[in-house]
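Here are some notes for a first look at this model. Please read them with the structure open beside you.

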Amino acid sequence: MTTQETTLTAGDAEVTVAPGNGCRVSSLRIAGTELLRQGGKYGCFPMVPWCGRIRDGRFRDGGQERQMPLNSPPHAIHGFARDAEWRTARTGPAEAVFTYDLTDPWPHTGRVTQIVALTEDSLTLTLGVETYGDSFPAQAGWHPWFHRNLGGEDVRIAFDAAWQEERGDDHLPTGRRIDPKPGPWDDCFGMPDGTDVTLTWPGQLELNVKSREPWVVVYDEQEAAVCVEPQTGPPNGLNTLPRLVTPVEPLEASTTWTWRHP
């Protein structure tokens, strides 16, 4: 097993994964154009075992209250697998598999697996979370940083959400669903039929982000990049909408990015 970067190619597409840096997709190049913001904390990282913020870093786990480190005070954010060293389990010409064993400060033992699969016109990322013992609540998702500009006009973000989670002053959903508002956003949206968001760099590239998961956070408040984050539940979801990982039912999620030139 190795933590060296893995590069996959298909047609004019090339993707690089850095298992030693949170198993993030550190690069996605289409016909030589880099789509992802570069830098150690950017690219596209997996959010696991939770997505977004947990209020005050605390969540209910059966009859217990758990406390996670406050890595974004006063909250805990995006899990900690993004900061961990993953292992490369298997690589092929257009697919690679990586694993990470859950450990402290997470109170349960288990394994996270990420599969990265590339074709000439798509990238599919799949996350699986399994337990080695007791059941536990968890979330999984992805946090890509797409360049706002690829050398032409700024990207345009298009989607049709059924609702928007009202965001409180603490950046967490209040529990109230409202009609989607125009951007800029740092907001969670509901898409009951699955995430479906299109990024268009006019005259250059169109990229569609899809997932069967009905939750997506869209963030475009930064000048350099925009984020479209499919995930298995809303921010603070370990408290408000927990998904259980059980010995017989792991938590699984996937997203596919498909692109085309105009």
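**Notes on a predicted model**

1. Start with two aromatic residues in the interior. Trp145 is buried, and Tyr219 is buried too. Keep in mind that this is a predicted model.

2. Trp145 and Tyr219 form an aromatic pair. The geometry is edge-to-face, with 6.0 Å from centre to centre and 90 degrees between the planes. Trp145 lies in the loop between β15 and β16, while Tyr219 is in strand β23 (residues 215-219), so the pair ties together parts that are 74 residues apart in sequence.

3. The count of aromatic pairs comes to 13. Another of them joins Tyr42 to Trp145: the ring centres are 5.0 Å apart and the planes stand at 85 degrees, so this pair is edge-to-face. It links distant parts of the chain, 103 residues apart. Tyr42 sits in the loop between β4 (33-34) and β5 (44-47), and Trp145 in the loop between β15 (141-144) and β16 (146-147). Tyr42 is buried, as is Trp145.

4. Tyr42 also has a charged residue over its ring. Arg37 lies over the face of Tyr42, at 4.0 Å from the ring centre. A second case is Arg177, which lies over the face of Trp163 at 3.7 Å from the ring centre.

5. Look next at an aromatic cluster. Trp50, Phe59, Phe80, Trp106 and Phe136 form one such cluster.

6. Four bridges join β17 to strand β21 (residues 195-201), and the two run antiparallel. Ile157 stands opposite Leu199 in β21.

7. Last, the cysteines. How many disulfides are there? The count is zero. For Cys23, the closest cysteine sulfur is in Cys44, 10 Å away, which is too far for a bond; a disulfide needs the sulfur atoms within 2.5 Å. Cys44 is in no disulfide either, and its nearest cysteine sulfur, that of Cys227, is 9.3 Å away.

8. Are Cys23 and Cys44 buried or exposed? Cys23 has 0% relative accessibility, so it counts as buried. Cys44 is buried, with a relative accessible area of 1%.

Definitions and conventions
Residues are numbered from 1 along each chain as its sequence is written. This is a predicted model: local features need pLDDT of at least 70, side-chain atom pairs count only at pLDDT 80 or more; totals for chains, interfaces and linings use all residues. Side-chain values use heavy atoms; hydrogens and water are left out. Rings of Phe, Tyr and Trp (its six-membered ring) pair if their centres lie within 6.5 Å; planes under 30 degrees apart count as stacked, over 60 as edge-to-face and the rest as tilted. Buried means under 20% relative accessible area, exposed over 50%, partly exposed in between (1.4 Å probe, protein chains only). A charge sits over a ring if NZ of Lys or CZ of Arg is within 6 Å of the ring centre and within 35 degrees of the ring normal. Two strands pair if DSSP finds at least two bridges between them.
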